[in-house]
Amino acid sequence: MSDPQSPTTGGAASNTQQPPRSRLAPQELQTLTQIENQEWQDSLAYVLQDAGKSRAAELLTELDQYAYFHGVPIEFKQNTPYINTLDASQQLPYPGNAELELKIRNIIRWNAVAMVVRANKASDGIGGHLASYASSAELLEVGFNHFFRGHGAGQDRDLVFYQGHISPGIYSRSFLEGRFDEGRLNRFRRELQPDGKGLSSYPHPWLMPDYWEFPTVSMGLGPLQAIYQARFIKYLENRGLKPKGDAKVWAFLGDGEMDEPQSVAGLRFAAYENLDNIVFVLNANLQRLDGPVRANSKVIQEFEALFSGAGWNVIKVIWNTKWDELLRRDPNGTIVKRFETLVDGESQRYAAFGGKELREKFFNTPELQKLIEGWSDDDLDLLNRGGHDINKVYAAYKAATEHKGSPTVVIARTIKGYALGETAMARNVAHQVKKLDFDALKLLRDTLKLPLTDEQVEHVEYYHPGPDSPEVKYLLERRAALGGLIPERQTDFPTFTPPGEDFYQEFAAGSGERKVSTTMAFVQVLSKLLRDKEIGKYIVPIVPDEARTFGMDALVPRIGIYSPRGQTYTPVDSGSLMAYKESTTGQMLEEGITEDGAMASFIAAGTAYAHHHLPMIPFYVFYSMFGMQRVGDLVWAAGDQKAKGFLLGGTAGRTTLAGEGLQHQDGNSLLQGYVVPNLKVYDPAFAYEIAVIVEDGIKKMYTENQDIFYLLMIDNENEVQPAAPNIPDLHDQIVRGMYRFKASAFEGKARAQLLASGPAMAAAHEAAALLEGYGVAADIWSVTSYKELHQDALLTQRHNMLHPSDSPRLSFVAQQLSPENAPGVLVSVSDYIKLGADGLSGHLSRKLWTLGTDGFGRSEAREELRDFFEVDAKYITVMTLYALLQSGDIQADVVQKAIADLDIDTERPAPIFR
């Protein structure tokens with residue numbers, strides 16, 4: 001760069017002496033400005049011609065730095081002009097048979113419409129979407145025919161996240177490929193019909209496990225999951241578990257979907273991780289469910305600023321090839337300037353009303369009108385959006401897949417409801433259109449040039465040209481060249497021999513006199529698994545910036561935190577035993593303060609058995625209250641795609657987390673986990689219970705290949721961990737949900753059964769001792785899972801209902817708590833809300849009295865919190881005595897005496913209202 005104190009006078013600067021600008025007349029000043037502008041443009045044109053674009057860019061950077069040094073207030077620009085990123089000279093010849101591909105798209109478009117229309121004729125209101133696929137057919141078909149690689153590509157296989165609402169188009173392509181017959185298409189959104197398998201409304205691996213790979217509705221979850229799937233590919237490659245390849249993750253998104261916070265939550269992370277293996281294809285049809293996305297501005301420019309600011313490579317595909325003709329005629333940039341004044345609401349009208357509207361409203365100056373002299377309205381109709389031009393789309397995809405060093409987004413401008421006519425094309429109601437009348441269907445047939453008779457159109461018949469047709473042969477040849485048909489979900493993965501009960505035996509011995517929290521007990525289990533020679537490499541510890549909170553910091557120097565950059569600095573604690581270690585081969589995923597991101601990593605690891613044929617075992621440990629409550633939607637998605645692994649709610653329970661208060665104290669997660677059908681939910685009290693559950697879970701998920709995953713609550717209260725009691729079938733009883741931990745040796749006048757779980761176990765023991773003072777003998781049960789007990793009870797009830805003539809079966813909990821096996825009243829206590837235990841009501845021979853932590857938390861110590869929520873030994877004692885009063889085993893004065901003895905304020909408001 002030149003010395004800023006001695007600027008050169010060559011190039012664009014003129015040597016002609018000029019009077020000061022302040023002394024020039026307005027016309028003279030305007031003339032001078034035009035001359036200066038032209039001189040600089042001529043200079044830049046010379047550099048472009050002589051040295052090329054790279055040198056021109058270098059020179060502009062130099063000038064920018066020079067101006068900045070001299071205090072020139074240069075406006076920061078987030079956007080490039082509202083034109084295609086790639087100009088016509090960068091557009092490569094299209095590699096495919098464009099004519100056949102057009103026919104294929106037309107057939108798929110028709111069948112997608114027919115499927116939805118037929119479904120709604122058969123069952124009015126069954127739903128489905130026409131407009132989304134209509135707007136994205138070209139975007140998808142260019143990918144299917146030239147980019148998306150299937151399982152046959154090995155390590156180069158691509159993962160594709162399909163926008164949920166375009167599923168009819170994907171099904172129609174599979175119909176053309178011969179994967180589905182007409183009967184299957186007729187069962188779109190009819191999954192419970194007796195005559196065969198149906199087709200799910202949206203991508204749902206749970207419902208179509210050999211087909212869909214990723215659930216992308218609810219909206220917003222697809223983009224986030226795609227980013228973390230791309231990152232997990234890099235993780236596997238850098239750790240040497242997967243051969244390095246050129247696999248890409250493609251995510252098809254809607255512009256309206258980008259309003260969801262999760263859609264943008266991972267953008268900066270993707271750039272930081274240099275995820276050049278991900279391509280977002282953002283279908284900017286300018287409309288969401290109710291109308292325009294950004295009617296008064298340009299949403300594409302908004303997205304460009306968002307993504308480029310986050311560090312992404314942005315490729316805009318706005319205008320089709322026909323616009324290039326006008327741009328070449330327009331050296332002064334008149335059209336580009338007009339583009340800048342467009343807003344999306346105006347653009348939508350041109351898409352809806354065509355060439356006449358375009359002529360009157362867009363080409364609205366003499367300069368613009370001159371550019372289209374001799375053009376008819378039909379000619380103007382050919383001025384289309386770039387997302388419907390396969391040449392433009394191919395060039396963008398080619399550039400995206402060849403780009404290195406950062407993620408890429410292709411923002412393609414399209415028309416919602418493209419080719420669907422006046423009923424739906426670019427109309428605000430497009431998303432809700434489920435039906436087309438006869439005239440609209442005939443117009444669609446004619447537009448798509450399909451050989452269907454009026455009678456066939458009236459009956460909304462599907463069209464298939466036949467397995468030996470050029471269209472089908474071409475389509476199948478292209479997929480064969482790219483590695484096979486997609487979407488397809490494969491679940492073969494190598495089996496391993498999981499550690500057996502001997503591996504966990506040390507936890508059955510207890511901790512002696514040492515006090516250990518269940519969180520630390522879990523960390524010991526995890527640490528031992530990481531050292532296992534057979535499965536250790538498959539373990540994926542995941543934390544959202546809380547490793548020290550959970551006592552996992554000792555693992556960091558041993559296994560390292562994964563970082564694609566390695567460790568380019570010396571950490572402040574280097575040389576210590578607990579030094580912070582980052583590594584390209586690190587095993588732990590330390591995700592920062594993003595529970596959504598960490599959950600997306602859990603999903604990526606938990607589904608690696610299907611996507612990469614690797615039985616990865618994720619252990620995601622999170623701050624309990626910020627787990628299920630915050631990421632419930634992603635947990636549901638994990639269940640849908642049959643993720644495996646363990647979720648661990650650290651610092652769990654409403655009263656164990658002393659001092660933290662209302663937002664941090666978790667009494668809800670067990671119930672939130674209950675609603676996910678394939679999520680096993682446990683609240684263990686002891687170290688050996690954790691060991692048993694983890695051992696059983698690994699066996700069921702990875703040896704028996706059950707489609708389940710686990711939620712375990714672990715707390716931070718240090719207590720002596722007891723040895724496992726010598727009980728027959730203890731392992732089985734722990735897994736099934738409960739066992740008698742301690743039978744009372746006291747000879748009391750009355751009997752009680754205290755059911756405790758997790759952090760409530762200590763209070764139950766203390767209450768049992770207090771009850772002896774009132775003549776009550778109380779057994780103590782450890783309830784590891786109310787969900788397991790309840791589901792077994794429901795299944796038993798269902799069986800009995802459907803087999804009324806058979807001898808009724810007894811559920812596991814009914815057997816355990818039968819009057820013969822467990823006499824007396826039943827009282828449960830939990831550090832979670834009462835509703836979990838209340839689920840057993842009606843499944844037992846007598847009432848279950850429940851104590852729990854309903855209400856908002858407080859900043860206090862544990863003793864005061866348990867008194868506040870009425871789950872301490874005092875309240876367990878009084879509740880048990882009251883239950884005995886109700887069963888007729890004691891008198892009221894005994895309960896009254898206990899209330900007085902234990903100094904309980906009978907007028908204090910219930911915690912739920914405080």
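Visitor: Why is helix α13 (residues 344–353) said to be largely enclosed by the rest of the structure?

Guide: Seven of the ten residues of α13 are buried, so the helix counts as largely enclosed. Buried means under 20% relative accessible area, exposed over 50%, and partly exposed in between (1.4 Å probe, protein chains only). This is a predicted model, in which local features need pLDDT of at least 70 and side-chain atom pairs count only at pLDDT 80 or more, while totals for chains, interfaces and linings use all residues. Residues are numbered from 1 along each chain as its sequence is written, and side-chain values use heavy atoms, without hydrogens and water.

Visitor: Which residues of α13 are buried, and what covers them?

Guide: They are Asp344, Glu346, Ser347, Gln348, Tyr350, Ala351 and Ala352. The cover includes α10 (299–310), α12 (334–341), α14 (355–362) and β5 (408–413). Helices (H or I, at least four residues) and strands (E, at least two) are DSSP runs, numbered from the N terminus.

Visitor: Why are α30 and α35 called oblique to each other?

Guide: Helix α30 (residues 761–772) and helix α35 (residues 873–886) pack at about 55°. Angles under 35 degrees count as roughly parallel, over 145 as roughly antiparallel, 65 to 115 as roughly perpendicular and the rest as oblique. The pair is therefore oblique.

Visitor: Which residues of α30 and α35 meet?

Guide: Ala763, Ala764, Glu766, Ala767, Leu770 and Leu771 in α30 meet Ala873, Ile876, Thr877, Thr880 and Leu881 in α35, where contact means heavy atoms within 4.5 Å.

Terms used. Axes fitted to C-alpha atoms, helices over the stretch in contact; angles between N-to-C directions.
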